[in-house]
Amino acid sequence: MSITAQLRDSVRLPGGHALVNGFAFESRGDAPRRALLQNGHELEVYDLHEVFAGERAPAAVFALPWPGWDRGVHSVSPDGLVAVFSGQRAVRAVGSGGETLWEYRHGCWGPQLGHPHTGDDQEVCRGFEHGSCRVSDDGRFVWAHVVEPQERGGRECWVVLDARDGRELARLPLDSAAAGSFHLSHPDGVHMGLCIGMGQDGILLHWARWDGAELTALDLDETIDRNRILTDVHTGHAGFLTVEQDGADLQLHALDGVVLAHGEPEWADEYPPYWDDGCGFVDADTVIASTLESDEDPEQAHHWLLDADTLGIRGSVAYPTGRVDSYVRPLGDGTWLTYDGSSETLSRWSEAAR
């Protein structure tokens with residue numbers, strides 16, 4: 001079955017590819033959806049509603065504290081006045097005027113054990129490994145995936161910091177050797193998710209909560225495989241959505257990891273397509289996913305709409321403008337984004353009225 005899409009908005013946004021294939025998208029419940037786009041030595045913050053309304057200037061611009069460091073996943077406070085950067089050797093909060101508000105030092109993500117540092121704050125060591133950070137939805141805390149200094153064991157850990165001064169409030173040791181990570185806050189306003197990619201060693205997924213006195217982590221080891229990528233959450237669902245690392249299936253989970261729905265359809269093709277990493281909730285009733293990387297049969301490279309409760313396929317998406325070879329970014333409000341790299345055009349779509 002084919003489901004027709006309706007073009008809602010379209011705008012030129014250089015660098016917008018990171019919204020559909022990267023970590024530039026930041027969403028907080030009913031708060032404005034934002035694009036956090038790196039442009040040279042700056043992080044530009046855009047309110048997507050304002051962008052589609054015709055505002056071309058970013059809502060805020062923050063200078064990158066380490067111009068040579070182009071990895072890490074960063075975050076911006078709910079009021080848009082503070083950016084928190086995940087660096088190679090520190091987490092740093094920067095104000096709208098460019099001033100450093102605080103810095104939390106940690107070990108180096110560089111893979112070479114015991115390598116020296118010159119003391120230059122701008123020094124960037126070799127390696128692509130990185131952590132991530134996320135400002136809580138109430139703006140009070142910063143969650144950060146960091147690594148301890150080698151003299152303290154060099155173990156990775158998950159820390160909760162006071163957003164006002166960077167003071168460490170809680171720490172959770174992790175059994176990981178990360179290539180990279182990202183955070184996703186749950187719309188319940190309480191839980192924070194952390195997804196850690198370890199290359200061929202798989203993926204670790206964690207959920208935790210901080211009540212101001214105790215850090216409580218949910219143990220998912222018995223309920224979820226170590227090869228699932230955290231993809232999305234929605235206010236209409238108490239749990240979360242994942243995709244298998246190799247794209248074999250999608251799963252809807254309760255917050256404790258229990259599988260509520262399994263999206264592994266019986267494809268008629270001899271070479272069944274596999275799901276791309278990017279998928280999520282168009283709204284509480286619908287999930288969108290793509291099979292663009294299924295190169296065994298280019299005709300299977302589609303966007304698909306699925307039932308959000310059962311993960312059964314409703315149909316493939318047909319675009320009135322013709323084939324759209326873009327990853328997707330669902331916004332949770334009934335729409336989703338695609339990006340045309342050749343024209344640098346960001347488009348917002350919805351399901352056409354029947």
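Reader: What volume does the second largest pocket have?
Author: The model is a predicted one, and the figure is computed from its atoms. For the second largest pocket, the volume comes to about 400 Å³.

Reader: Which element gives the largest share of the lining of the second largest pocket?
Author: The second largest pocket is lined by 18 residues, and those closest to its centre are Ala-18, Phe-23, Ala-24, Gln-38 and Gly-72. The elements that give two or more residues to this lining are helix H1 (17-20) and strand E3 (34-39). With 3 residues, the largest share comes from E3.

Reader: How many charged residues are there in the lining of the second largest pocket?
Author: Divided by class, this lining has 8 nonpolar residues and 8 polar ones. The charged residues in the lining of the second largest pocket number 2.

Reader: What volume does the largest cavity have?
Author: Counting cavities of 30 Å³ or more, the structure holds 1. The largest cavity has a volume of about 80 Å³.

Reader: How many residues of the lining of the largest cavity are charged?
Author: The residues that line the largest cavity include Trp-66, Trp-69, Gly-87, Gln-88 and Ala-90, and Arg-89, Arg-105, Asp-121, Glu-123 and Val-124 also belong to the lining. By class, the lining divides into 4 nonpolar and 2 polar residues, while the number of charged residues is 4.

Reader: Is Thr-242 buried or exposed?
Author: Thr-242 lies in strand E19, which spans residues 240-244. Its relative accessible area is 0%, and the cut-off for a buried residue is under 20%. Thr-242 is therefore buried.

Reader: With which side chain does the side chain of Thr-242 make a polar contact?
Author: Leaving aside residues up to four places away in sequence, Thr-242 touches a set of residues that includes Leu-205, Ile-224, Ile-229, Leu-230, Asp-249 and His-253. A polar contact, at 2.8 Å, joins the side chain of Thr-242 to the side chain of His-253.

Reader: Is His-49 buried or exposed?
Author: His-49 lies in helix H2, which covers residues 48-52. Its relative accessible area is 65%, and a residue counts as exposed when this value is over 50%. His-49 is therefore exposed.

Reader: What separates the C-alpha atoms of His-49 and Pro-32?
Author: Along the chain, His-49 and Pro-32 are 17 residues apart.

Notes. Residues numbered from 1 in each chain as written. Predicted model: local features only at pLDDT ≥ 70, side-chain atom pairs only at ≥ 80, totals over all residues. Heavy atoms only, no water. Helix = DSSP H or I, 4+ residues; strand = E, 2+ residues; numbered from the N terminus. Buried < 20%, exposed > 50% of the residue type's maximum accessible area, 1.4 Å probe, protein only. 1 Å grid on protein atoms, 1.4 Å probe; cavity = no way out; pocket = protein on both sides within 12 Å on 5 of 7 lines; lining within 4 Å. Points joined across faces, edges and corners; volume = space filled by probe spheres on them. Nonpolar A, V, L, I, M, F, W, Y, C, P; charged D, E, K, R; others polar. Polar contact = N/O pair within 3.5 Å; in protein donor to acceptor, adjacent residues only side chain to side chain. Contact = heavy atoms within 4.5 Å.
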